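Thanks for coming. Please have the viewer open.

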Amino acid sequence: MQITKPIQMVDLGRQYQRIKGEIDQAILDVVSSTRYIKGPVVDAFEQELAGYLGVRHVISCANGTDALQIALMACDLRQGDEIIVPAFTYVATAEVIGLLKLHPVMIDVNTDDFNVTAELIEQAITEKTKAIVPVHLFGQPAPMKEIMEIADRHKLMVIEDNAQAIGSDYFYGKDQIFKSGTIGHIGCTSFFPSKNLGCFGDGGAIFTNDDDLASKLRMISNHGQGERYYHEMLGVNSRLDAIQAAILRIKLKHLDDYCARRRHVADQYDEIFRSEARIKIPERVEFGTHVFHQYTLQVPPEDREALRAYLSDKQIPSMIYYPVPLYKQKAFAEYWQDPERELPVTEQLCRSVMSLPIHTEMEEDLVRYISRSVINYFQQ
Ligand SMILES: *Cc1c(COP(=O)(O)O)cnc(C)c1O
């Protein structure tokens, strides 16, 4: 295959080109409306997203990290309360916990789907545990049914970090399908441009079915005010702007198609990689659907850097999500008493994972070029 322009991890340019007319018009409409922050377009987007997710309330905010912070702020937590999070995730999940003077308890994940398990959560619960923040990593839900059972038993709040999995389904029980992010007490997402539902800047949202939590979340995201200039609690300033909402309204209509396109790429990758025993393909759980925010392989650690260099020579980019366990980050040192202690699966994943390009605009010959190149490395 002739590579005429650089291969990207995510091709947002071609995705935009397909909906350019509609997007450009929507942006211009907001510009001439002069309603730039909140307003009718943001309200409409919140309602449409609530409809899509099948959830009672969507509260938009400035980014996914704020969404997590606001969610925690709404949970009546006190300094030192323990919040369980995976050690193998993006920094934001645990960062906001520390920032609020709460205590992140970082736990291991499982090697097949990169997510926490009910068992690992249960082992980490103490008298001080007040909440769990499961992450639906790389686009696939964590086992929410079991997590909710544990949370009910121990009276814990559950805040889903759904930043990478918006659009995925969770098969809760017979004939009961929920969208990921709507099963816990609160769900959070990010509209960062490269996320599966991304805008053209920063954006985020919080979901809940609980009316009281919803009004609290809404207040906290807006300086703690219900009625204007009457502040009932300390809050933050975290708002989605109308241009981003206008873009998101259009892209939301395509979200299911975007997820299907990513899944199709993953299917093709899987099929080719299955022939190589040294590659572990991302496993798919039976209780939910995968929307492949990332397509992440596990390869022998001793091969990973050479493989990436080999691909790079063929102009194929790859990324390591994530290279360092959270507890080994300097920023989290105070939450990890024993520096010798390691979580085995997280350690192993940080050494062996490698994510390949996956996006909505990938043609079959490109997927074939990338996957054959990976196979060729192992067979040279
Ligand atoms: C992207 C992401 C976030 C944070 O979202 P921002 O909009 O970048 O603040 C949080 N958690 C996970 C798992 C993410 O992937």
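The ligand sits in the largest pocket. Keep in mind that this is a predicted model. Two elements, α3 and α4 (92-99), each give two or more residues to the shell around the ligand. Of these, α3 supplies the largest share, 3 residues.

Which residues come nearest to the ligand? There are 13 residues around the ligand, and the nearest are Gly64, Thr65, Asp161, Ser190 and Lys195.

For Thr65, a side-chain N or O atom is 2.5 Å from an oxygen atom of the ligand. For Gln164, a polar side-chain atom lies 2.8 Å from a ligand oxygen. For Lys195, the distance between a side-chain N or O atom and an oxygen atom of the ligand is 3.1 Å. As for cover, the ligand on its own has 380 Å² of accessible area, and the protein covers 92% of that.

Next, helix α7, which spans residues 211-220. Its N-terminal end is capped by Asp210, with a side-chain oxygen 2.9 Å from the backbone nitrogen of Asp212. Which residues of α7 are buried? They are Leu213, Ala214, Lys216, Leu217, Met219 and Ile220. On spacing, an α-helix has 3.6 residues a turn, so residues three or four places apart point the same way. The cover over the buried residues of α7 includes the strands β1 (57-61), β5 (157-161), β8 (186-190) and β9 (204-208). It also includes helix α3 (64-73), the element with the largest share of the ligand shell.

Two single residues remain. Val353 is in strand β11, residues 353-356. Is Val353 buried or exposed? Its relative accessible area is 0%, so Val353 is buried. Leaving out residues up to four places away in sequence, Val353 touches Phe88, Phe114, Thr296, Leu297, Gln298, Arg304, Ile320, Tyr321 and Tyr322. Pro282 is 71 residues from Val353 in sequence, while their C-alpha atoms are 10.0 Å apart in space.

The other residue is Ser371, in helix α12, residues 364-379. Ser371 counts as buried because its relative accessibility is 0%. What does Ser371 touch, again leaving out residues up to four places away in sequence? The contacts are Tyr269, Ile272 and Phe273.

That is the end of my part.

Notes
Residues are numbered from 1 along each chain as its sequence is written. This is a predicted model: local features need pLDDT of at least 70, side-chain atom pairs count only at pLDDT 80 or more; totals for chains, interfaces and linings use all residues. Side-chain values use heavy atoms; hydrogens and water are left out. Buried means under 20% relative accessible area, exposed over 50%, partly exposed in between (1.4 Å probe, protein chains only). Helices (H or I, at least four residues) and strands (E, at least two) are DSSP runs, numbered from the N terminus. Contact means heavy atoms within 4.5 Å. A polar contact is a pair of N or O atoms within 3.5 Å; within protein, one must be able to donate a hydrogen and the other to accept it, and residues adjacent in sequence count only if both atoms are side-chain atoms. A residue is near a molecule or strand if one of its heavy atoms lies within 4 Å of it. Accessible areas come from the Shrake-Rupley method with a 1.4 Å probe; for residues, only the protein chains shown count as cover. On a 1 Å grid over the protein atoms alone, a cavity is a set of points where a 1.4 Å probe fits but cannot get out, and a pocket is an open set with protein on both sides within 12 Å along at least five of seven lines; lining residues have an atom within 4 Å of a point. A molecule sits in a cavity or pocket if more than half of its atoms lie within 2 Å of its grid points.
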